[in-house]
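Work through these exercises with the model open. Try each task before reading its solution.

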Amino acid sequence: MAVTGPAKTSGEQEAWRARVIADPGLVLDDPAVMAALVAASERAMGGNIVDLRGMAMERLEARLERLEETHRAVIAAAYENLSSTNQIHRALIRMLDAERFEDFVLELGGEVAQILRVDCLRLVLESPDRAEGGALGKLDAVLRVRAPGFAERYMSQGRSTPPRPIVLRQGMPPGDSPYGAQGADLRSEALMRLDLGEGRLPGLLAMGSEDPHRFKPGQGTDLLAFFTGVFERVLRRWLS
């Protein structure tokens with residue numbers, strides 16, 4: 001005898017019922033199904049009854065969603081921090097591989113800048129004799145020689161606040177920037193004051209990016225501080 005439509009439907013329902021009884025997680029773990037069941041329960045109770053349990057569940061669900069969002073944000077931040085740490089380490093290793101001062105400087109504007117994902121990287125050394133800048137040759141692509149006090153003036157931009165070792169800021173760099181013509185394309189920069197040792201004028205390491213959000217106030221500077229500390233020590237050895 002052929003199976004009729006209703007009988008077949010009843011069989012499917014029994015099969016579904018058996019699956020749910022065997023594995024309640026099919027329903028309990030599905031937010032959409034649970035929401036539909038709660039809504040059906042509220043309609044069955046009528047409009048004059050307040051379901052406190054349902055309200056509590058909604059609040060718990062909202063709290064769970066916020067916790068999950070926070071969890072995802074923390075994980076994303078951890079991955080980003082790990083990625084940034086790897087970039088700093090790779091850049092330092094590349095920098096330490098240089099066997100000549102000329103290679104060391106040119107690598108800053110080449111592989112090191114690419115690893116750090118910056119569009120422009122400049123090393124500024126202060127000297128009372130500005131004429132030294134005319135004899136830099138191809139190093140002029142990365143190295144800049146400026147008058148004493150340039151690093152502090154450029155980093156503070158005339159503000160009377162105490163000097164900071166690292167400055168992050170957005171916007172087009174000022175006209176006296178060390179980036180040259182490329183500065184017109186930049187929209188954020190990281191500036192690191194360099195302590196080159198006793199008896200030497202300070203220096204400046206400037207990183208510029210075309211991305212206005214690459215560097216901005218409020219970002220953490222721990223990794224940049226570590227990079228600066230290693231960079232200072234390596235540069236002191238070359239200058240000695």
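**Exercise 1. Aromatic pairs**

Task: Count the aromatic pairs in this predicted model, then find which residues ring pairs link into a cluster.

Solution: 
- Start with the count: the predicted structure holds 6 aromatic pairs.
- Next, trace the links. Ring pairs join Phe101, Phe104, Phe227, Phe231 and Trp238 into a cluster.

**Exercise 2. Charges over rings**

Task: Which rings have Arg146 and the charged end of Arg169 over them?

Solution: 
- Take Arg146. It lies over the face of Phe150, 5.7 Å from the ring centre.
- Now Arg169. Its charged end sits over the ring of Tyr154, at 4.8 Å from the centre.
- Check the distance cut-off: CZ of Arg must be within 6 Å of the ring centre.

**Exercise 3. Thr228**

Task: Is Thr228 buried or exposed? Which residues does Thr228 touch, leaving out those up to four places away in sequence?

Solution: 
- Apply the cut-off. Buried means under 20% relative accessible area.
- Thr228 has a relative accessible area of 6%, so Thr228 is buried.
- List the contacts. Not counting residues up to four places away in sequence, Thr228 touches Ile166, Met192, Arg193 and Leu194.

**Exercise 4. Glu58**

Task: Find the helix of Glu58, classify its accessibility, and give its C-alpha distance to Ala35.

Solution: 
- Glu58 is part of helix H4, which covers residues 52-96.
- Its relative accessibility is 48%, so Glu58 counts as partly exposed.
- Glu58 and Ala35 are 23 residues apart in sequence. In space, their C-alpha atoms are 9.2 Å apart.

Key: Residues numbered from 1 in each chain as written. Predicted model: local features only at pLDDT ≥ 70, side-chain atom pairs only at ≥ 80, totals over all residues. Heavy atoms only, no water. Helix = DSSP H or I, 4+ residues; strand = E, 2+ residues; numbered from the N terminus. Buried < 20%, exposed > 50% of the residue type's maximum accessible area, 1.4 Å probe, protein only. Phe/Tyr/Trp six-rings, centres within 6.5 Å; stacked < 30°, edge-to-face > 60°. Lys NZ or Arg CZ within 6 Å of the ring centre and 35° of its normal. Contact = heavy atoms within 4.5 Å.
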